[in-house]
Amino acid sequence: MELNLEKYASGAHQQTSYYSRYFYLRCTMNLRDLSRSEQAKILADYHDNRDIGREVFEGISDCLSGDAVIKSAKKLGLAAGKEIIAQNENELTILMDYAYHNQRNGLFNAIERFTNMNSNVVAECPEFFKAINASFYSVFSVTSVTPGLGITVEDMLTGENIHIIDVGFSHSPRVPNMCGRIIPFKEGYYCTSGAMLPLFKAHQQEAVDRILVKFSAHKLSMQQPVFSKKQEAAFQAEIIRYLLKTDACERVGFI
């Protein structure tokens, strides 16, 4: 697979490593404290990361078999026999994101199979693939909104404060707590992967809180990743199954 990634390889868009042991420490800077030039640079890096992701995931989708998608759909309550019963594009997006990261054929998921078969692509944008490997699924409580830039949330599994860059969320009249996968793209800043499921209703938050308590017994660390790959997949599937049954997907957030 060949990608047109020349503009990301050097100059203002050069990717630098940001995977130190300090990466997951609590954020101390408020997004509102950033200068306009700093905000503009973060947004430029964010859009570059999105552009790379769109190209890369086209290739990753080719590494995901129909059988793997059906298996994932069954885990999320989106299959009847060998037929996918997703009702809309939102549910399909959630299904595919789950399958990319969690459905394994032997030792590898679709992302890992892609990287194993496309070393040239990985060499072009190594930090992007490190970011995918550093992604995680969690429940997030929104603590502040910075218009034009994004939101600050608390990871309910670790208590860490995290900055999520997203202009859409930042202009929403109400930003609820949410569940989803996030990916680091710049030191101290994240973007989302796929779709975020909102917790608008009290019973949704209460149910997710119970799931959090249930899976907390399986924590391996107080920093992300807190679960093994197997436990994270089970945690994610249980949350998604419940929220899809309660129509959370009707107000899903895309980034």
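Predicted model: local features only at pLDDT ≥ 70, side-chain atom pairs only at ≥ 80, totals over all residues.
**Entry 1: strand 3 and its neighbours**

I started with strand 3, which runs antiparallel to strand 6 (residues 178-186) and is joined to it by five bridges. Strands here are DSSP runs of E with at least two residues, helices are runs of H or I with at least four, and both are numbered from the N terminus. I count two strands as paired if DSSP finds at least two bridges between them.

Residues are numbered from 1 along each chain as its sequence is written, and side-chain values use heavy atoms, with hydrogens and water left out.

Which strand pairs with strand 3 over six bridges? I got strand 4 (residues 150-155), again antiparallel. V142 has V153 as its bridge partner in strand 4. Three residues sit between the two strands of this hairpin, and G148 takes a positive phi near 85 degrees there.

I then checked burial (buried is under 20% relative accessible area, exposed over 50%, partly exposed in between, with a 1.4 Å probe and protein chains only). Strand 3 (residues 136-146) has eight of its eleven residues buried, so the rest of the structure largely encloses it.

**Entry 2: salt bridges**

How many salt bridges does the whole structure hold? My search gave eight, taking a side-chain nitrogen of Lys or Arg within 4 Å of a carboxyl oxygen of Asp or Glu.

I looked at K71 and D67, whose closest N and O atoms are 3.4 Å apart. They are four residues apart in helix 2 (residues 66-75), so about one helical turn separates them. K71 is partly exposed at 42% relative accessibility, and D67 is partly exposed at 47%.

R104 bridges to E112, with 2.7 Å between the closest N and O atoms. R104 comes out partly exposed at 28%, and E112 partly exposed at 21%.

K214 and E238 come to 3.0 Å at their closest N and O atoms. This pair links distant parts of the chain, 24 residues apart: K214 is in helix 8 (residues 202-216) and E238 in helix 9 (residues 229-245). I also noted one network, in which salt bridges with shared partners join K41, D45 and K186.

**Entry 3: the whole protein**

Of the 255 residues, 51% are buried.
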